[in-house]
Amino acid sequence: MTAKGNRVVAMQHTQTSSAAGRPAAPPTGLSPSRAGDFLTCPLLYRLRVIDRLPEPPSSAATRGTLVHAVLERLFDSPAAERTPDRALGLLRPQWERLLGERPELGSLFPDDPDGAALTRWLADAEKLVGQWFRLEDPTRLHPVERELYVETALDSGLLLRGYIDRVDVAPTGEVRLVDYKTGRAPSRDFEGKAMFQMKFYALVVWRWKGVLPKRLQLVYLGGGGDVVSYDPDEADLLAVERKLRALWERIGHAVATGDFPATRNRLCDWCDHQASCPEFGGTPPPYPLPLARTSDESDPTGDPMSKES
């Protein structure tokens with residue numbers, strides 16, 4: 001359907017269920033991950049947010065979740081007891097906890113009668129935890145928050161939300177936001193894209209608490225390990241806010257028209273939705289939300305809702 005005017009009128013339509021078995025619904029806000037999905041590939045955003053297609057567990061992503069859980073729980077211990085041995089001792093119990101909460105994670109090791117594959121996987125997680133101790137000293141850190149859920153609504157009504165891995169506050173009051181990454185540090189050409197997530201969080205904290213974070217820090221545990229820091233100012237965060245408002249307008253237009261084009265990118269090889277992607281010969285499922293049409297496409301009788309598009 002081609003838009004022919006400035007004002008759109010939502011069609012009366014009963015929303016269908018998504019392929020995941022849950023009712024389809026328009027997005028209600030933005031997180032850094034979903035903003036990144038739309039910027040990378042609008043179709044991926046649609047399949048995850050609107051169609052809610054299921055995705056099988058990922059070995060790498062689950063290992064990242066496990067490492068995050070270990071680093072979060074380590075700070076339950078007194079500072080002097082935050083040792084590598086204590087952290088490594090948390091790996092197996094945290095894995096058992098995750099498996100209990102998400103039994104489908106057992107599918108990561110389907111043919112592993114002697115547990116050898118799980119042991120190797122946990123050994124890779126051990127390396128990442130050990131790398132962290134070479135980058136930061138937890139005995140000198142005193143986080144005020146861990147895995148902090150943050151949410152705020154901008155003046156425009158856009159709801160921003162997400163989870164911050166760690167929030168540190170200096171004795172003098174400066175706030176540092178920290179995020180752990182289990183992959184390698186990006187090249188300088190891609191540092192800005194990686195830091196966008198942290199600027200997003202900084203904007204949320206600033207609008208929510210009225211506090212401008214002093215430092216944003218990404219701790220990369222993969223490869224040789226690295227710490228990337230950035231000190232934002234108000235101009236940085238205002239620019240992020242403008243970008244997010246523009247992005248939300250683009251998403252709103254896509255939701256209204258059902259136009260979510262597939263975009264080839266370097267992450268396509270790891271995408272779970274190639275069967276639904278035209279770039280790989282697939283077909284997306286029928287769009288489950290009501291489409292919108294312009295007011296001048298109304299019925300000649302004068303009832304703008306009397307015919308479907």
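Visitor: Which residue just after α2 takes a positive phi?

Guide: That is Arg-52, with a phi of about 55 degrees. Please keep in mind that this is a predicted model, where local features need pLDDT of at least 70 and side-chain atom pairs count only at pLDDT 80 or more, while totals for chains, interfaces and linings use all residues. Residues are numbered from 1 along each chain as its sequence is written, and side-chain values use heavy atoms, leaving out hydrogens and water.

Visitor: What makes α2 a helix?

Guide: Helices are DSSP runs of H or I with at least four residues, strands are runs of E with at least two, and both are numbered from the N terminus.

Visitor: Why are α1 and α7 called roughly perpendicular?

Guide: Axes are lines fitted to C-alpha atoms, for helices over the stretch in contact, and angles run from 0 to 180 degrees between N-to-C directions. Under 35 degrees counts as roughly parallel, over 145 as roughly antiparallel, 65 to 115 as roughly perpendicular and the rest as oblique. The axes of α1 and α7 come within 11 Å and cross at roughly 65 degrees, so these two helices are roughly perpendicular to each other.

Visitor: How do you know that β4 pairs with β3?

Guide: Two strands pair if DSSP finds at least two bridges between them. There are four bridges between β3 and β4, in the antiparallel sense, so the pair qualifies. The two form a hairpin with five residues between them, and Gly-173 in the turn has a positive phi of about 100 degrees. On to β5: six bridges join it to β4, and those two strands run parallel. Asp-179 stands opposite Leu-218 in β5.

Visitor: Why is Gln-197 called buried?

Guide: Its relative accessible area is 14%, which falls under the cut-off, so Gln-197 is buried. Gln-197 lies in helix α6.

Visitor: Which residues is Gln-197 in contact with, leaving aside its neighbours within four places in sequence?

Guide: They are Pro-32, Asp-179 and Lys-181, where contact means heavy atoms within 4.5 Å.

Technical notes: Buried < 20%, exposed > 50% of the residue type's maximum accessible area, 1.4 Å probe, protein only.
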